[in-house]
Amino acid sequence: MKAPKIGIIIQARTNSSRLPQKVIKPFWQEQSILDIVISQLKKLRLPIVLATTTSKEDQVIVDVARAHQIGWYCGDEADVLQRFLDVITRERFDFVFRICADNPFLSIELMEELLARAEALSFNFDYLSHKWKETPAILTHFGVFSELASSKALASIKQLATDSTVYEHVTYFLYTNPAIFKSEFLAVEKSFFTYVETRLTVDTPTDFKVAQQIFEALNKQGKAPTIEAINSYIVEQDAILPLMQSQIETNKKS
């Protein structure tokens, strides 16, 4: 059987309501969060496409893709799902990793876990990700997880979903409809992070500053920003956890 073609699609735009241009602002040594995410993803040696919008303001996103010599696509701003489907059709991807551009601590190791599990399943699934406690990991505030979905399942959302709001949240319809789609979750331990208040996703100015502090500190110490290193650093810093907690309370995912 021919091996499926797996691609990585990064969704990115500059018009964030809480923190505009957060993915292209200087984050560390003149690199943006988007620069860091792309550089990390290249380690997987899979085709990468940066999916942004047709807005003039998002031309800078295309410039980042060009600089990193990866693919790009400009599509509808509200219908993120259609952006993904257009890329899938153009690139002929059978399965895609969905990546959010605002997670500077995205774990390549966890993505490799998903790839290994996908191969063990002979790619017989619609959706594959991690779960923390009883929550799909992509809904947590940890900011290190990714998702792997079949292109066929994503395409079927347009025919099956009665509420177009799911088009903004590309994979939501898949993992919330277990009677229709075959989803599997790899469990992570409850002690995955030392503190459940650990928030590494970047949605707000405070998130940005905290993530920047952690990333810079670990790199100055010559440490890769792994989950273990992040845990150790947060334990040593009294001021970080309350900031993370405040952002969790005001920016809860539903």
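Reader: Before we start, what does contact mean here?
Author: Contact means heavy atoms within 4.5 Å of each other. Keep in mind that this is a predicted model.

Reader: Fine. Take H2. Which of its residues are buried?
Author: H2 covers residues 59–68. Ile61, Val62, Val64, Ala65 and His68 are buried there.

Reader: Where do those buried residues sit around the helix?
Author: They line one face of H2, because they fall within an arc of 155° when seen down its axis. As background, an α-helix has 3.6 residues a turn, so residues three or four places apart point the same way.

Reader: And what covers the buried residues of H2?
Author: The cover includes one helix, H1 (33–41). It also includes two strands, S4 (48–53) and S5 (71–75).

Reader: What happens just after H2?
Author: Gln69 follows, with a positive phi of about 60°.

Reader: What lines the largest one?
Author: Arg199, Thr206, Asp207, Val210, Leu243, Met244 and Gln247. Helix H7 (205–220) and helix H9 (240–250) are the elements that each give two or more residues to that lining.

Reader: How does the lining of the largest cavity divide, nonpolar, polar or charged?
Author: Three residues are nonpolar, two are polar and two are charged.

Reader: Now the second largest cavity. Which residues line it?
Author: Arg98, Ile99, Cys100, Asn103, Leu106, Ile138, Phe145 and Ser146. By class, five are nonpolar, two polar and one charged.

Reader: Zoom out. How many helices and strands are in the protein chain?
Author: Nine helices and ten strands.

Reader: What about the radius of gyration?
Author: The chain has 18 Å. A compact globule of 254 residues would be near 18 Å, so the value agrees. The C-alpha atoms fill a box of roughly 50 × 40 × 35 Å along the principal axes.

Reader: How much of the chain is buried?
Author: Buried residues are 52% of the 254.

Reader: Last one. Among contacts between residues at least 6 apart in sequence, what share joins residues at least 24 apart?
Author: In this chain, 71% of those contacts do.

Technical notes:
Residues are numbered from 1 along each chain as its sequence is written. This is a predicted model: local features need pLDDT of at least 70, side-chain atom pairs count only at pLDDT 80 or more; totals for chains, interfaces and linings use all residues. Side-chain values use heavy atoms; hydrogens and water are left out. Buried means under 20% relative accessible area, exposed over 50%, partly exposed in between (1.4 Å probe, protein chains only). Helices (H or I, at least four residues) and strands (E, at least two) are DSSP runs, numbered from the N terminus. The arc is that of the directions from the helix axis to the C-beta atoms. On a 1 Å grid over the protein atoms alone, a cavity is a set of points where a 1.4 Å probe fits but cannot get out, and a pocket is an open set with protein on both sides within 12 Å along at least five of seven lines; lining residues have an atom within 4 Å of a point. Ala, Val, Leu, Ile, Met, Phe, Trp, Tyr, Cys and Pro count as nonpolar, Asp, Glu, Lys and Arg as charged, and the others, Gly among them, as polar. The radius of gyration is taken over C-alpha atoms; the globule rule is 2.2 Å times the number of residues to the power 0.38.
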